[in-house]
Amino acid sequence: MTSTMVFGSVSRRSEKWRVYRIRTANSTYELEVQGEAATQSRRCAVLTCVEPKARAGAAFEDSMPLIGGAPLYDSSPLEWIGRTLSVGTARTSEIQAVDFVATTSGPRRTTTNHTTVGPPPREEPQRQWAPFPLGQIEMVEAAASVLKAVCHQHHLPSAIQHDAHLVKRLKLALAECGLMLEAMERRGS
């Protein structure tokens, strides 16, 4: 038997939550995951459909979310790609992209029985990183998400081929990424 978490409690609002944007072939979701400071028995995840519009706002919560049949909390967001996510009664198709959005102080909506109660006004969360070293891992995950998004823009080279300035900027930025990766690799070995 599973227990229902009540998000209105003071203790739950004080926990840090990480927010991710998840895309599948036909849908986009926001996944809010209670931070690592939460005890095992108080962890929770909230999955909210963003697109398609017909299902926008549908929210599901679960204290034992699964990614590819394994506990979500045991894997990093980069490992979610290519796997299905189960939160409450919702199950996504295979995840194609995961983007770190922000860290917030508590869930951004009130939920009861897997539905949203009143659509609260959406405000863009300010990016707040966790303390060292978790914050730096979140930053690297965000950098990986950004690079992945650019990598999947297959038409980028042809779109900028006639603008030498943009070609130069892209090459310099990619070279700097390579240098930073090499520097981190040298420190790690």
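# Close-up views of side-chain contacts

A search of the whole structure, which is a predicted model, finds zero disulfides.

**View 1. Two buried cysteines, C44 and C49.** C44 is buried, with a relative accessible area of 0%. C49 is buried too, and its relative accessible area is 4%.

**View 2. Y20, W80 and F100 form one aromatic cluster.** A pair of aromatic rings is described by two things: the distance of the centres and the angle of the planes. The structure holds two aromatic pairs. Y20 and W80 make an edge-to-face pair, with 5.1 Å centre to centre and 70 degrees between the planes. This pair links distant parts of the chain, 60 residues apart. Y20 is in strand β1 (residues 16-24), while W80 is in the loop between β6 (70-71) and β7 (85-87). Are Y20 and W80 buried or exposed? Both are buried.

**View 3. The rings of Y20 and F100.** Why is the pair of Y20 and F100 called edge-to-face? The planes of the two rings stand at 70 degrees, and over 60 counts as edge-to-face. The ring centres are 5.7 Å apart. Y20 lies in strand β1 and F100 in strand β9 (residues 95-105), so this pair ties together parts that are 80 residues apart in sequence. Y20 has a relative accessible area of 3%, so Y20 is buried. F100, at 6% relative accessibility, also counts as buried.

**View 4. A charge over a ring: R43 and Y73.** The charged end of R43 sits over the ring of Y73. The distance from that charged end to the ring centre is 4.6 Å.

**View 5. E30 and R21 in a salt bridge.** Side chains of opposite charge can pair when their charged atoms come close. The structure holds three salt bridges. In the one between E30 and R21, the closest N and O atoms are 3.2 Å apart. E30 has 4% relative accessibility, so E30 counts as buried. R21 has 27% relative accessibility, so R21 counts as partly exposed.

**View 6. D99 and R23 in a salt bridge.** Here the closest N and O atoms are 2.7 Å apart. Which strands does the pair link? D99 is in strand β9 and R23 is in strand β1. The two residues are 76 residues apart, so the pair links distant parts of the chain. D99 is buried, with a relative accessible area of 17%. R23 is partly exposed, at 29%.

**View 7. R186 and E182 in helix α4.** The side chains of R186 and E182 meet in a salt bridge, 3.9 Å from N to O. How are these two residues placed along helix α4 (residues 164-188), and what separates them? They are four residues apart, so about one helical turn separates them. R186 counts as exposed at 57% relative accessibility. E182 counts as partly exposed at 47%.

**View 8. Two cis peptide bonds, at P52 and at P133.** Most peptide bonds are trans. A cis peptide bond joins E51 and P52, with omega about 10 degrees. P52 lies in the loop between β3 (45-51) and β4 (59-62). Another cis peptide bond joins F132 and P133, with omega about 5 degrees. P133 lies in the loop between β11 (115-116) and α2 (134-151).

Key:
Residues numbered from 1 in each chain as written. Heavy atoms only, no water. Phe/Tyr/Trp six-rings, centres within 6.5 Å; stacked < 30°, edge-to-face > 60°. Buried < 20%, exposed > 50% of the residue type's maximum accessible area, 1.4 Å probe, protein only. Lys NZ or Arg CZ within 6 Å of the ring centre and 35° of its normal. Disulfide = S-S within 2.5 Å. Salt bridge = Lys/Arg side-chain N within 4 Å of Asp/Glu carboxyl O.
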